[in-house]
Amino acid sequence: MRSKNTFLGLFLLIALMLSLGSPLTSKAQEHSYSSAKVNYVVDLPSATWRLVDEPDDVHQHAEFVYGDRNDGYLRIRKEALEEGLTIKEFAHRDQDQKERFRPGYVDGKEEPFSGRLSGVTMSYEFTQAGKPMAGRSYYLQGDSGTVYVLRFTGIRDKLLRIRNQTDLIARSLRLK
């Protein structure tokens, strides 16, 4: 009888630990990125996202990968918004200057976007080394003269699978 009670007590203790540990474990996987070199904070939804490059005197952007660069790559850059230019006009100009040159480039959907900062998203497809790739750029207005560009790229199917994470990351961007 004693071993039956010991087993039941151990079982209940393990069940309690697991139920308490699960939320703590998933919360621990989320992490935020900030640096003295940037004036924003962004939340990354899982430990799979890792920092690969921080801003310096030459490169004014932070870079992250989701496991492997082909699975998901993120570059965050602060840009100046010319006076009188809307966020949508800025996004179109940026796409014309930085993305349309990619091999096999095809325009995708353009959508308004709301998070802590609001703006617009633009999706596109292209090819790289014969692989079907996709890109999704979030143009978020910080103030009347500042835009934060979050540019995600990756193999088309893989980037599509983490779309909820790209949206979450963009929604989490906040200024210090």
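**Which sense of pairing do β2 and β10 show, and over how many bridges?** The answer is antiparallel, over two bridges. Two strands count as paired here if DSSP finds at least two bridges between them. Before the close-ups, some ground rules: this is a predicted model, where local features need pLDDT of at least 70 and side-chain atom pairs count only at pLDDT 80 or more, while totals for chains, interfaces and linings use all residues. Residues are numbered from 1 along each chain as its sequence is written, and side-chain values use heavy atoms, with hydrogens and water left out.

View 1. The protein has four helices and 10 strands, laid out along the sequence as α-β-β-β-β-β-α-β-β-β-β-α-α-β. Helices (H or I, at least four residues) and strands (E, at least two) are DSSP runs, numbered from the N terminus. Of the 176 residues, 39% are buried; buried means under 20% relative accessible area, exposed over 50%, and partly exposed in between, with a 1.4 Å probe and protein chains only. Among contacts with a separation of 6 or more, 46% link residues 24 or more positions apart, where contact means heavy atoms within 4.5 Å.

**View 2. The open sheet of β1, β2 and β10.** Three strands line up in the order β1-β2-β10, with antiparallel pairing. β1 and β10 (174-175) sit at the edges with a single partner strand each, so one side of each has no neighbour in the sheet.

View 3. E30 is found in the loop between α1 (2-29) and β1 (31-33). At 42% relative accessibility, E30 counts as partly exposed. Setting aside residues up to four places away in sequence, E30 touches L44 and P45. The C-alpha atoms of E30 and T48 are separated by 9.5 Å, with the two residues 18 apart along the chain.

**View 4. β4, wrapped up by the rest of the structure.** Six of the six residues of β4 (residues 61-66) are buried, so this strand is largely enclosed. H61, E63 and V65 point one way, and A62, F64 and Y66 point the other way. On one pairing, β3 (residues 49-53) joins β4 in the antiparallel sense over four bridges, and D53 stands opposite E63. β4 and β5 also run antiparallel, joined by six bridges, and here E63 stands opposite R75. The β4-β5 hairpin has one residue between the strands, and G67 takes a positive phi near 75 degrees.

**View 5. Two nonpolar cores.** A nonpolar core is a set of buried Ala, Val, Leu, Ile, Met, Phe, Trp, Tyr and Cys residues joined through side-chain atoms within 4.5 Å. The largest has 24 residues, and Y40, W49 and L150 have the most contacts inside it. At least two residues each come from β2 (40-44), β4, β5, β8, β9 and α4. Another core of 10 residues lies apart from this one, with F90, A91, M122 and Y139 among its members. In soluble globular proteins, nonpolar side chains tend to be buried together.

**View 6. The largest pocket.** On a 1 Å grid over the protein atoms alone, a pocket is an open set of points where a 1.4 Å probe fits, with protein on both sides within 12 Å along at least five of seven lines; lining residues have an atom within 4 Å of a point. Grid points are joined across faces, edges and corners, and a volume is the space filled by probe spheres set on the points. The largest pocket has a volume of about 360 Å³. Of its 18 lining residues, Y73, R75, E99, R102 and R151 are the closest to the centre. Two or more lining residues come from each of β5 (68-80), β7 (119-128) and β9 (146-155), and β5 gives the largest share, six residues. By class, the lining has five nonpolar, five polar and eight charged residues, counting Ala, Val, Leu, Ile, Met, Phe, Trp, Tyr, Cys and Pro as nonpolar, Asp, Glu, Lys and Arg as charged, and the others, Gly among them, as polar.
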